Structures are given as C-alpha cells and as structure tokens.
Amino acid sequence: MAQTWMKAALIAAGVSLAIGGALEAANTIKIGVNQPLTGAVAASGNFVANGAKIAADEINAKGGIGGTRIELVIEDNKSNPTEAVAVAEKLIVRDKVPVMMGAWSSTYTLAVMPKLMEYKIPMLVETSSSDKITTSGNPYVFRISPTSGMEAAAFADKVGRLKIRKADFLVVNNDWGKGAADVFQKMLKDKGVVIGVVETMDAAAQDLNAQLSKIKGSDADTLFITTAVEQLTLALKQIYALRLKRQIITTGGSQNPDQLIEQAGAAANGTLHLTTFAPWFPGVSPNPEATKAFIAEWVKRGNKFAGLTEGFRGYDGIRTIAAAIAKAGKAEPEAIRTALWNTQLTGLNGKIAFTKAGPKGKESGQSIPDVYLIKIDNGKVALHLR
Amino acid sequence: MRRTLPYLWVGFLLSVPLWLHDQYFLHILITTGIFTITAMSLNLLLGFTGQLSLGHVAFFGVGAYTSALASLGFDVHIFGGFRIVHQPWPAVTGFAVGILVAGLCGYAIGKLSFKVREAYFVIVTISFAEVVRLVALNWVELTQGPLALNNIPPFTIGFPGLWEQTLWGKVPNYYAVLAVGAVAHILIRRLVLSRIGRAMVALKENEPLATSLGIDVTRFLVLAAVVSAGIAGAAGGLYAHYIRIIDPDIFLFIYTVTMVIMVVTGGKGTLAGPLVGGIIFGILPVMLRPMATPEAQWIIYGVFMILIVFFLPRGIVPAVQDWWQSKMGVTQAPVDGARTGGRL
Amino acid sequence: MDQLSQHIVNALMLGGTYALLGIGLTLIFGIMRVVNFTHGELYSFGGYMIFLFTSVLGLNFYAALIVALVLGILLGAVIELVLLRRLRGADIDTTMLVMIGCWMVLQNTEQMIWGGVAKAVVSPLPEEPLVLGSVSVAWLRVFVFVVAALLILATYALIHWTKLGKAMRATFQDRDTASLMGVNINAINTATFALGSGLASAAGALLGPVYLVTPTMGNLAALKAFAIVILGGLGNIQGATVGGFILAFAEEMGAGYISSGYRDAMGFLMIIVVLLFKPTGLFARAERIG
C-alpha cells in the first residue's frame, strides 16, 4: 500500500514539474500580486485582484507591453502578515517577478518591505494607508493610495461644517487603524475638537458590543471608525441595535458603501465615508470615459458594483506598473524602479505621479490621489460637502 | 545495511546545498526541516508516552516569541509605574532562552497531565495554546500583537573578535536546521532508549502496571514533556530567526494538526516516523501546488489521515518495516518494546 | 449602571446560543465518548445553509432555519454512519484523530465551495431595536435567544420523556447493560450524534445573520463549546446549559470591564482554572446525563 502511494507521489511530482515547465516556456512579463483572498479582509483583496485582472486583460488585448503579454501571478496572503512575507518570497524567488503589487493592509505591506530591500524588487502599494510605509526609508515602495495623513488633511476643512466638538474612535488594532486614529486625533485637536474614547478591535472580532457599550458611555457627538467592510458592517448593525446616536465617519476607503447599504440597511443610513473613488459619479473622475469603461467591464464580469471602490485600485495599480515597464523598456527590477519615478498617467481617481517621501537618499514614492467624502442617505450614495 | 543507512542519509542531507541551487526548494527544505523537528518533539509525547497533547504549537510559538523578543529587546509597563526594559541580546542567546521558557511550559503541562486525563487533558492543552495566542495578540506593548514582530535579526555564530558568521540566506540556515534536527534526534533517541524510557514505552498502555513495577512514571513523563517542549521551542527559535517575522497566528490549531498528521502518518512511537511524515507533508504541498488549491490539498490530507488511522494505524514506517521483514524472510516477530528500540 | 444592564442583556442573549452549542457537544461526549472536533464545522455548516437557502435560493428565513437544522441532523448521521460506527471500541485517541481528519475535510470543503470571503445573511426581523429603558437590543438577538431556548427545552423533553431519551440515558449510565437489555447501541449512537450535530447546525444558522458566515467561524465556536462542556462537566446537560450562560457572562463582563481584547480568552482561562481545582466540572455530582 505504501508502495502505491510512493508511486502516486512520484507521478504527481513528475506531472507537476511538466506543467511548471510548460508554463515557463511561454514568454511573458510576470507581475506579482500579493492580496488577502481568504481570511478576515478577503472581500477587499478579491476585489483588488479582480480589478488587476481587468487591467491585465485590457493591456494584453492591446498587444501587451512591446509585444510581450503580461501575466499576473496572484497569491493569497490569507489576511496574515507572515503569510504576506511568505507570498512575497515565493513570488520573488520562485516566480522571479521583477515587480509586485500589494499587500492591501498596511501591516502586510510593512511586513513585506524588508524583503523588497533584501531582493531589490520594487512594489506598488495600492491600498495601504499607514504613513509609516513611505516614511521608513524604503526606496522600493511606490504608493498610489492616500496616506491616513492625506485623508486627515483633506478632511480638515470639513470639521467645522460637520459641527464636530468631541469625537470617539473605534479602530482595528493594526498599523492601519492605529495610524489613522493617531493622525485624525492630531488633526482634530488642532481644530479644537475634544477626543473622547479610543477603542480598538481585532480584525477578526465579530462581537463589538463591549467596545460599543463603552463608547455609549461617552458624550461625544461623532464616532470615527477605521476598518474593512466586513467588520464595518457588523459595527454599524451593532451600533444601530445599541441606539448609539452619533455622527459616524469612516476612513481608509475600504467601506464599499453599496455593500453597507445592502447588508446593514437602515444602520448604514446617515453615515459618512472618506473614499478615494466615487463610481456613482463617474463625472467627477479626472478620466470619466475610462472610468465608465472600467465600471462597465467590472459589472460585465459579474463583479458586485459595491466592490468598485476597492477594485479600481487593482486596476490603477497594474496600469501604473505596466506603464513603468513600458517606459523602462525591459522587465528588470532596477529599471522598473527607476522608470516608476518618471511614470505619469491619469488614474481613475486622479493623476498618478510619484513624489519623494521619507528620509533623504532612500525616498519612497507617493502619489497624491483625490479624496471624497460621501454620505449614505436613504439607501443612496451622495457626495457630501464638496 | 541497517547500520550504514543512517550515515548515508546524513551524508545525503549534508550534500543537498552542493547540488540544489534553487532558492525556493531550499526554502521549502528549511521550513520542512523546522516542522519535522516539531513533529519529532510531538512524537516524544504522542508516541512514546501516549499523551495526546494538542497544544503543541504553543511550545513552538513560545520559543519563537521568546527568542525574537530577547534578541529585539522590549520596553514594557507592568502595573503602576513599573517598567521592564530589555536591551537586545544576540540571537543565539535568545534562542537558548526560548528553549528554556518553552521547556518551563512543558514542565507545567507535564505536571498537569497527572491531574487531568484523556479528553480533559486534550482540551486543556488546546486551551493553553489558545490563551497564549490571545496574549500574543493583545499584549501589544510586548508582542506588537497583530502588527507582527518584524525585522527579527538572523543568527550570528562564532566567537566575538575571532570569527563571526551571520546566517543570511538559505544555505547557512539549512545547515542550522540540520544541526538542531540532529541534536534533537540524538536527545530523543537517548531518552527513549534509556532504561526507564524503554520500560515506559513498553508499558505505555498500562500505566498502573508500570507504576506497580516500580517505574517512576512521573519522572519520565515530566522529563519527556520538558524535552519535547524544549525541542519545539528550539524549532520555534529557528523559525523566528529564519523567517524574521512572527505574528500571533503562529499559535493556530492548524499547525498542531500539521504536526499530528506528520507523526501519525509517519508512525507514532518510532524514531523514523516523524522524519518520514515530516518530509512527506513538507514536500507534498509544493508538488501538489500546480494541481490542487490549498483547500483541495487539505481535504486530501484529511482523507489521508482518516485512511491511515483506519488501515495503517501504526503509520507508514512500521508498515514498511513489516513488509521489508516479511520479504527478507526475517522470522523475528516484532515485539512492541523492541520495535522502537533497535531501529532508526 | 446603564452600561452594566446593557452588558447583562447582551450576555443573556449570547448565552442561549452558547448553551445550545454546549448541549450538543456534551451529549455526544457523554453517550459516545467521542471528543467531537467536527462540532464547529456543523456550526459553520448551519451558517452556510441559512445563507444558501435565504440569500441564494430565496427561501423564507424561518423555513431556512428548519432546513438548516434538518440538514445538520442528516450530516451528523452521515458522519456517524460512515466514520464513527467503524470506530466503536477504538480508544479515545484514535477516534479523536479521525475526527480531526474529518474536521479538515469539512472546513476546507466549505472554503472550496464558498470561497474565503465572508457572507452576510440578511434577516427579515425589524431593524429598529427593542428598547427597554436605557437598554436596547436588536429584535434578531431576541428571536435567536427565544429559538435557542425552545431548542434546549425540546432537547430536555426528548431526553426525559421519550423512549429514545430513556435509551440514551440508559446507554450513558451503562452501555453494556443497556445493550443486554435490548437497546440498539448503534441506533442510539447515530441518534445522539445526529441530534448533537443538528443543535450545532441550528446554532450556526441562528448566529449566521447576527455575525458573518466564514469558513473558519467554527474554530472558535468549537473551542468555546469545549469550554462550556468542561465547565458543566462532560456529559452533563444542565451543566452545559448553565456553563453556556456563565461563559457568556464572563466574556461580556471581561470585555466590558477588563479588556475587550481578552474577550475570547475568558473561557479558556476559566476551564484551565476549573480543571486544576475541580477537574470534573463545576456541577459534577457523578457524571450523568439529564
């Protein structure tokens, strides 16, 4: 019996090597994609990956880059920082990708960053918003998403108009949530707002009643929440059940407002969200035609409309990488890194161009996208206080 | 043949980096090696003492976290204004401290195994691992919680001033894993082949009898638990300083299950079992990867484990040995105690 | 004070489902001596069934709950017939290994079918919460509590007043004698495992709409069920019921007044302490059922 298994294992090994060989024979430019496809924040990661696929197909339909097709190698980091590092290692060492996109959460991105230095591979950061990513002196990082600091700055002029006097925070206990809480508190204090309770939650926590009961004891008028859409849905439902009457503002751009409307219903009504893409109003995008085309393709592929606010980042990310490879003229890490500094294109949420951020001599690249404040009103999304 | 086989095997393992230059396969071999070491340590409890400890990953994780924290340093507030500040130690010192702390946890579990039995013991060990995970997740000031402990330094070996070598890259780490694995194997072998160990193994199924024959069950069980936990802690240290990032998910039950599968399929209570099991389940996922998604693989492993328990309850190694013996015409009937004894 | 009464209400609502989970597991252990690692998977199975029948197939929510319960019973029966029946007389460790294998198969099958993205189930209950003075609670939670309580009572009734229940109790007390007296042990085992699994599936179907349905939702639920069962004493149904509420209170108060991060640790700390000082559980007279 054991012998039969040995044989089976050997055959399996042979077949796998043969398949691997066949794939490698085709000449393509590989781009690594490191996203959470399972686990606590899987919804977002899958949307980003789907957006990336649309970009890749679009580029390949036009003949690829200089006649060579691009191939996305999408790997699952399981919503876990150590897995994100393992994925990066695998993409670099095994698939030999010259450039990567990832890794959604700030914590996963920060975990991967030492690997970029070790192997000298550039990575485009599509979602993460912790300020630390571009200030730690890693010259292989190029970010197209806004930092929490940029979100806070964009929000600053609305503090007075929203009549915020005292604010509580409920944030996920990772680099993203804590980073956002820090910069928003600083901005609010500068505006004379009092800070009340700051509560954290584990990304996988589903029962937030204890935190919310504490917040209910505070006399603040506004509650800032930073977390991914799954947990946000639960938080809104539980806030509603507790009759916690607050002005609710979410940050980070991972709220998928339509998903909130569908799944949280009345609990989502009246909530405000800072987002970087407004697919309900393609007209406000700097590139309305491209935006409409992307939305049409997204829906045609059977993706949920709600996922567009995540998916566009994957789309823009891959287009940026492709533009850099085209500019570099070759799919080599160092050439792509240099080319990224000179790459400019119109993304779906603003001009993408990298400015220098972080310590001198080893700056990271940071693009400056648009930030919108939207409001969910009677189950509809509206731009708020433009 | 039987005498030379182990040496051939060691020679083969030593030669791997000389002809295998693929970095990814070396990486797989290193992680496989680390998990094989944990499987060996679990086997000491599961196979040789019959204690189904399903919180084994706790020792691995405690070793990893202790070693990482000792070599990274920390600054923690305890109650009131009291603070503990720890300056970074060399990674190798951290590694030793990790083994020590894991061993202490093993001591506690070993003692516990006399108070609570069977199902209760299993659930207590699982709970222990879960509590440690939750502490790692929530004591953010010490462990960084979900932010993960990052930039853990690699090992530096040698004598300061004379010769020093930092274990960057795959090949040095491969040899480090091999060295720790060899030490662990020798330790376990000596323990189970000792007089008390042999008696314990032989009488595993019948503890009252063992006690009545004057075998100091307590001492052996606790010693086995300490050694087992210490080895798992050493594997954790290797892991932390090789991967250079750890997070609380290192304590997940699924890792214990992985070790259990390695031990049970290889053959619990045999010295070679966890090695065979570890290598199969370390390499197989890589082989199967192009054909089966991770979920499909786990389904296959689950079915595999059920089949093994039903049809080869002693595992692959004893089955192969029996087959080999019947083929060679060796008539000596396998005696339980001797089975573990004379073979690698 | 307001905060305290809110915590108490939250704990009560949660305790009902915890008790439901605990009873199923304790029954299985008490009668069959099986440490059931698939319990959590039956829980997530229930969650996915309510999602499948309401959100995908558009069945009425309440009907879907019943379907989830029935399918849970069937799945439990299948596991018993295919795997556990062959293991009668095997030692507890062997059974445990098989159940771990089965756990892996079930969980990963779920992940393969449904993907890793969490599913949300929308319930038809009013969104406006029930308000009692300073305390408010979602109607869905109230509904979940009531259904859980009814299922617990039904289980009690089944064990105390039916012939099957009598046979189960007899088997629990003395398997061999029961067998000699003409009790069909195989049938009792199947019925017990099916019943316990059905209760777990019902708990999952009830909590699915409250939280989110994910492939790994059963892991923590199973660990908590173990904690409850140990608190109450293995095989003790009343103990499991009380244990469920104790765990819910410990978690809610711990999270509210100590640290929300250690919410899930409360149960495990409790069982470690209980086992160290009173290894047979808080409510153990002798181990008994009913």
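Reply: Contact here means heavy atoms within 4.5 Å. This is a predicted model, in which local features need pLDDT of at least 70 and side-chain atom pairs count only at pLDDT 80 or more, while totals for chains, interfaces and linings use all residues. Residues are numbered from 1 along each chain as its sequence is written, chains are lettered from A and ligands numbered from 1 in the order in which they are written, and side-chain values use heavy atoms, with hydrogens and water left out.

Me: How many residues of chain C are in contact with chain B, and what area is buried between the two chains?
Reply: On the side of chain B, 40 residues take part, and they are in contact with 40 residues of chain C. Buried area is the accessible area (1.4 Å probe) that two parts lose on being put together, summed over both. Carbon and sulfur atoms give 83% of the area between chain C and chain B, which comes to about 3500 Å².

Me: Which helix of chain C gives the most to the side that touches chain B?
Reply: Helices (H or I, at least four residues) and strands (E, at least two) are DSSP runs, numbered from the N terminus. Helix 4 (92–114), helix 9 (217–232) and helix 11 (265–277) of chain C each supply at least two residues of this side. With 16 residues, the one that gives the most is helix 4 of chain C.

Me: How many salt bridges does the rule find between chain B and chain A, and which residues meet there?
Reply: A salt bridge is a side-chain nitrogen of Lys or Arg within 4 Å of a carboxyl oxygen of Asp or Glu. Across the interface of chain C and chain B the rule finds zero. Across the interface of chain B and chain A it finds one salt bridge, where, at 2.4 Å from N to O, the side chains that meet are those of B:Lys170 and A:Glu89.

Me: Are helix 6 and helix 8 of chain C roughly parallel or roughly perpendicular to each other?
Reply: Axes are lines fitted to C-alpha atoms, for helices over the stretch in contact, and angles run from 0 to 180 degrees between N-to-C directions. Helix 6 (residues 163–173) and helix 8 (residues 185–207) of chain C have axes 10 Å apart and pack at an angle of about 105 degrees. Angles under 35 degrees count as roughly parallel, over 145 as roughly antiparallel, 65 to 115 as roughly perpendicular and the rest as oblique. Helix 6 and helix 8 of chain C are therefore roughly perpendicular.
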